[in-house]
Amino acid sequence: GQQMAHTEDHLLGQPGTHRRWVWAEGDLSSVKAVKDRHGGTVNDVILTAIAGGFRNYLLGRGDRLRPDDFVRTLVPVSTRQPGGRSGGNEVAGLFTDLPVGVADPVKRLGVVRERMAAIKGSGLLQGTDALVANAVFVPPALFAAAGRLAARAPQPMVSTITTNVPGPQQQLYFLGHPLLRLLPYVPLGMNQLITVAIISYHGQINCGITADYDKVPDVELVALGIEQTLQELAAEAA
């Protein structure tokens, strides 16, 4: 059966007081083209890229990954109904296993898609393609809720947290100057050394990766792996 990647020592531990932060960039239209070609959701494509980021990071640390290795992530999802009146931050915690052992990005996407479909089919969540539609822009509240969920989760170790927030899809201005990009930042959780925040804005997808300064000097490997996966999937879908 599947096993948690024997890589917790690279992802789990008590973070110190200092942080590294990098970001990865992607193009929303090419992500949509990949989704249209292979099915599933925009979210599935993004999670596949993040799995590629962690894969690149773990391989860079000399880990030998087996095909069924995974990294468990907690994905906080807004469960507000579109146009809901509550105004609250209704958040569910969705656990999914990122298939870091699958080398081929298209096959990796297939695994992610199946897992996410199974979770949605279980009736736990509806409409979890939260990146582009209907979620609320509250990363700190989402993250706090995610932390509380993780703390009382019956699941074995959660290696990382992945938050996902849709930003505005039109050009914004500040004092007459165009806002070029939105870059998300999310703090580290209880025992995680790396977390990933994703935001979409004006046709871009940007992932902000926060890591512990001392234990993760090579955090750039995560960003490079995310961008490389997105490029490979886009080239295959072109």
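This is a predicted model: local features need pLDDT of at least 70, side-chain atom pairs count only at pLDDT 80 or more; totals for chains, interfaces and linings use all residues.
## Helix 2 against helix 3

Contact here means heavy atoms within 4.5 Å. Leu28, Val31, Lys32, Val34 and Lys35 of helix 2 meet Val42, Val45 and Ile46 of helix 3. By class, the contact has six nonpolar and two charged residues, with no polar ones.

Helix 2 covers residues 28-38 and helix 3 covers residues 42-60. Their axes lie 9 Å apart and the packing angle is about 105°. Angles of 65 to 115 degrees count as roughly perpendicular, so helix 2 is roughly perpendicular to helix 3.

## His38

His38 belongs to helix 2. Leaving out residues up to four places away in sequence, His38 touches Val106, Leu109, Arg113 and Glu236. With Glu236 there is also a polar contact: the two side chains are joined at 2.9 Å.

## Overall make-up

The protein has six helices and nine strands. It contains 238 residues, and 50% of them count as buried.

Consider the contacts with a separation of 6 or more: 75% of them are between residues 24 or more positions apart.

## The tryptophan pair

How many aromatic pairs are there? The count comes to one. The rings belong to Trp21 and Trp23, and their centres are 5.7 Å apart. The planes meet at 35°, so the pair is tilted. Planes under 30 degrees apart would count as stacked, and over 60 as edge-to-face.

Are these two side chains' residues buried or partly exposed? Trp21 counts as partly exposed, at 33% relative accessibility. Trp23 is partly exposed too, with a relative accessible area of 36%. Buried would mean under 20%.

## Positive phi in two loops

Most residues other than glycine have a negative phi. Two residues here deserve a look on that account. Leu175 is not a glycine, yet its phi is positive, at about 50°. Leu175 sits in the loop between strand 6 (173-174) and strand 7 (177-178). Its relative accessible area is 71%, so Leu175 is exposed; the cut-off for exposed is over 50%.

His202 also has a positive phi of about 50° without being a glycine. The loop that holds His202 runs between strand 8 (194-201) and strand 9 (204-212). With a relative accessible area of 35%, His202 is partly exposed.

How values were computed
Residues are numbered from 1 along each chain as its sequence is written. Side-chain values use heavy atoms; hydrogens and water are left out. Axes are lines fitted to C-alpha atoms, for helices over the stretch in contact, and angles run from 0 to 180 degrees between N-to-C directions. Helices (H or I, at least four residues) and strands (E, at least two) are DSSP runs, numbered from the N terminus. Angles under 35 degrees count as roughly parallel, over 145 as roughly antiparallel, 65 to 115 as roughly perpendicular and the rest as oblique. Ala, Val, Leu, Ile, Met, Phe, Trp, Tyr, Cys and Pro count as nonpolar, Asp, Glu, Lys and Arg as charged, and the others, Gly among them, as polar. A polar contact is a pair of N or O atoms within 3.5 Å; within protein, one must be able to donate a hydrogen and the other to accept it, and residues adjacent in sequence count only if both atoms are side-chain atoms. Rings of Phe, Tyr and Trp (its six-membered ring) pair if their centres lie within 6.5 Å; planes under 30 degrees apart count as stacked, over 60 as edge-to-face and the rest as tilted. Buried means under 20% relative accessible area, exposed over 50%, partly exposed in between (1.4 Å probe, protein chains only).
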